Amino acid sequence: MQNSCLPVVPRLDLGSLIDSDDEDEFSYIPLSTAHIYFDPPNSSSAFHWVTPCQIPYTQHHLKELEEDIIPENLPAPTGKYKLKYQQYETEMKEGYKQYSQRKAEKTKSNITHQHSTRNKTDDKCVQGEETIADLTTLDRKAVLQQGYADNPYDAQRSTRKSDAEMVAAEKKKQTVAEQVMTDYLSRAVISDPGQNLTTEKQGSARMLPVSNIAPLRLRKRTLHETKIRTHSTLTEYILSNKVQFDGRIISRNGRDACRELIGFFFTHDQSLTVYEYRQFGKNRTNVLPFIQKNIYSHQRGRRKGKQYQLGDFYVGANLTFLSSDHVRFPESIKENTLLILRITNIDRIALDSLRTDSMEHEDGINRQEANDRLVFKAIQDKLKEQLHNRGVRIFTGLGKYFRQLDKEGSGLLDKADFKQALNVFHLEVSEKNFESSWLILNDSGNGKVDYGEFKRAIIGEMNEYRKSFVRKAFMKLDFNKMGSVPIIDIRKCYCAKKHPQVISGHFTEEQIKSSFLETLKDACNKSDEVSYGEFEDYYEGLSIGIVNDEDFVNILRTPWGI
């Protein structure tokens with residue numbers, strides 16, 4: 001007869017285990033015990049966990065099991081494990097205390113923010129008649145976008161994003177710098193054109209008269225003597241004496257304006273070169289020369305005809321090049337006589353280390369340029385008062401009006417056109433200031449000035465820090481790099497969930513989005529798409545009423561998620 005109650009597996013005698021300081025610190029202490037029994041032969045499984053003799057659990061058995069967990073003969077823990085337990089207990093209590101404090105502070109800040117947001121919104125509504133009573137409907141809708149500046153600034157999230165962007169930017173610059181060194185070091189000395197002359201002189205005496213017309217396979221071909229140094233021979237040390245800078249093309253064409261350009265100015269021969277960084281998809285990149293290494297000069301302004309020097313390189317400086325001198329330029333750039341490259345960032349450490357006391361200072365030109373800036377600043381300060389809360393409508397309206405006057409599409413207008421535009425938009429500029437600014441802008445003397453440059457001169461423009469975020473937002477929308485974005489894509493990407501007036505309940509998300517699209521479409525020549533120039537004009541006008549840079553950046557970060 002088969003016994004239904006099989007022998008019990010013997011329990012582990014914990015009393016035979018003695019703590020030792022030499023043991024590994026990760027010692028396992030069983031919290032409960034169980035018994036393993038084999039099923040009868042008719043069971044489907046080989047073994048399973050059961051109680052002795054298949055007796056169901058009752059409260060009595062559970063109590064006995066709990067009593068058996070800690071044997072009576074278990075030795076007391078050593079001082080080492082007592083100390084570890086005390087440390088663990090202290091850390092857990094301290095961690096819970098900090099967690100409770102953080103949770104309480106977060107709850108309190110959320111309540112405070114909700115009240116402050118409602119108070120700000122209510123104050124703005126109360127002050128409506130005083131501040132925007134004389135504004136048009138488009139002005140009021142544009143002012144709504146300034147509400148994003150009231151959002152709390154998420155410093156931690158922004159820091160993570162900026163750190164990642166800085167790492168990517170440094171990697172990009174390193175890639176371009178390596179490509180530049182590879183391009184110019186590989187040409188010296190074997191492929192140096194100066195070596196051809198040296199080799200020809202050495203071999204001219206023993207050269208047969210017919211060797212010039214002989215087939216290529218019969219000609220004598222030798223590598224250049226690399227020990228010979230020529231005037232154009234470059235070394236890594238010579239090329240390391242350079243200043244690296246980032247640049248952007250000042251253009252209304254979106255594809256050209258969003259090109260990622262990185263330039264280098266070499267102090268050993270006062271030459272410069274500009275490379276374009278291109279990215280195809282997520283992983284494929286390419287670095288190509290955009291402006292070949294050469295010595296260049298200013299093509300306009302007070303320094304026209306003077307060679308570029310180290311002092312000409314700083315953030316905000318303009319470098320001008322003749323389009324006709326560069327046959328590889330895209331056709332969109334060749335349409336204009338000049339290419340204007342704006343320096344947006346520069347390696348200040350390298351710039352300061354290369355500066356010397358012997359640098360030439362042209363005091364006369366510096367004074368003239370300073371006087372020119374004072375003339376423009378006087379006009380800009382006066383117009384900013386007139387443009388307060390009207391910047392978007394007037395700035396975008398001026399751009400649209402200028403494009404309508406520009407029948408030829410050259411981007412150039414004469415003096416009468418600019419005066420007419422100022423009168424149409426009720427912008428008061430004295431005759432003296434207008435004539436002074438015209439003499440500065442019309443340095444070529446042909447009687448015509450680029451209207452984009454005219455706007456930047458008399459109204460001003462946002463700094464490069466703000467403009468970098470405008471370009472970043474447009475590049476996110478224009479993922480195909482076509483230079484323009486359909487209105488449908490803008491509607492899909494624009495998010496108004498975090499607008500303070502949406503949070504407070506004064507407006508819906510759709511109302512904020514519709515007000516933005518309405519003011520943006522009013523600035524566009526086409527009703528179904530937005531060009532880069534129109535997108536930039538919109539935020540250029542919005543920037544006039546924003547004093548703090550971070551407030552303006554928040555206006556771009558929040559709805560576009562950049």
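# Reading the labels on a predicted chain

Guide: Lys481 is placed in the loop between helix H16 (464-477) and strand E11 (484-486). The model is predicted; local features need pLDDT of at least 70 and side-chain atom pairs pLDDT 80 or more, while totals for chains, interfaces and linings use all residues. Residues are numbered from 1 along each chain as its sequence is written, and side-chain values use heavy atoms, with hydrogens and water left out.

Visitor: Why is Lys481 called partly exposed?

Guide: Buried means under 20% relative accessible area, exposed means over 50%, and partly exposed lies in between (1.4 Å probe, protein chains only). Lys481 has 45%, so it is partly exposed.

Visitor: What is noted about the phi of Lys481?

Guide: Phi of Lys481 is positive, about 55°, and the residue is not a glycine. Most residues other than glycine have a negative phi, which is why such a value is listed. Gln270, also not a glycine, has a positive phi near 60°. Gln270 sits in the loop between strand E4 (260-266) and strand E5 (271-280), and its 24% relative accessibility makes it partly exposed.

Visitor: How do you know whether Val243 is buried or exposed, and what does it touch?

Guide: Val243, in strand E3 (residues 242-249), has 0% relative accessibility and therefore counts as buried. Contact means heavy atoms within 4.5 Å. With neighbours within four places in sequence set aside, the contacts of Val243 include Gly263, Phe264, Phe265, Leu310 and Ile346. Its C-alpha atom is 6.7 Å from that of Phe266, a residue 23 positions away along the chain.

Visitor: And what of Val180: buried or exposed?

Guide: Val180 belongs to helix H5 (residues 155-185), and at 1% relative accessibility it counts as buried. Beyond four places in sequence, Val180 touches Phe264, Phe266 and Tyr275. Val180 and Leu239 are 59 residues apart in sequence, with C-alpha atoms 9.2 Å apart. For the chain, 68% of the contacts with a separation of 6 or more join residues 24 or more positions apart.

Visitor: What makes Lys293 a charge over a ring?

Guide: The rule asks for NZ of Lys or CZ of Arg within 6 Å of the ring centre and within 35 degrees of the ring normal. The charged end of Lys293 is 5.1 Å from the centre of the Phe266 ring and sits over it. Lys293 also lies over the face of Tyr184, at 6.0 Å from the ring centre.

Visitor: Why is the pair of Phe434 and Phe454 given the type it has?

Guide: Rings of Phe, Tyr and Trp (its six-membered ring) pair if their centres lie within 6.5 Å; planes under 30 degrees apart are stacked, over 60 edge-to-face, the rest tilted. By this rule there are 24 aromatic pairs. For Phe434 and Phe454 the centres are 6.3 Å apart and the planes at 65°, so the pair is edge-to-face. Phe434 lies in helix H14 (residues 431-441) and Phe454 in helix H15 (residues 451-458), so the pair ties together parts 20 residues apart in sequence. Both residues are buried. Elsewhere, one aromatic cluster has among its members Phe474, Tyr494, Tyr538 and Trp560.

Visitor: How do helix H12 and helix H20 pack?

Guide: Two packed helices are described by the angle between their axes and the distance between the axes. Axes are lines fitted to C-alpha atoms over the stretch in contact, and angles run from 0 to 180 degrees between N-to-C directions. H12 (residues 391-405) and H20 (residues 532-543) pack at about 145°, with axes 6 Å apart. The contact includes Phe395 and Arg403 of H12 and Asp537 and Tyr538 of H20.

Visitor: What kinds of residue make up the contact of H12 with H20?

Guide: Ala, Val, Leu, Ile, Met, Phe, Trp, Tyr, Cys and Pro count as nonpolar, Asp, Glu, Lys and Arg as charged, and the others, Gly among them, as polar. The contact divides into four nonpolar, four polar and four charged residues.

Terms used
Helix = DSSP H or I, 4+ residues; strand = E, 2+ residues; numbered from the N terminus.
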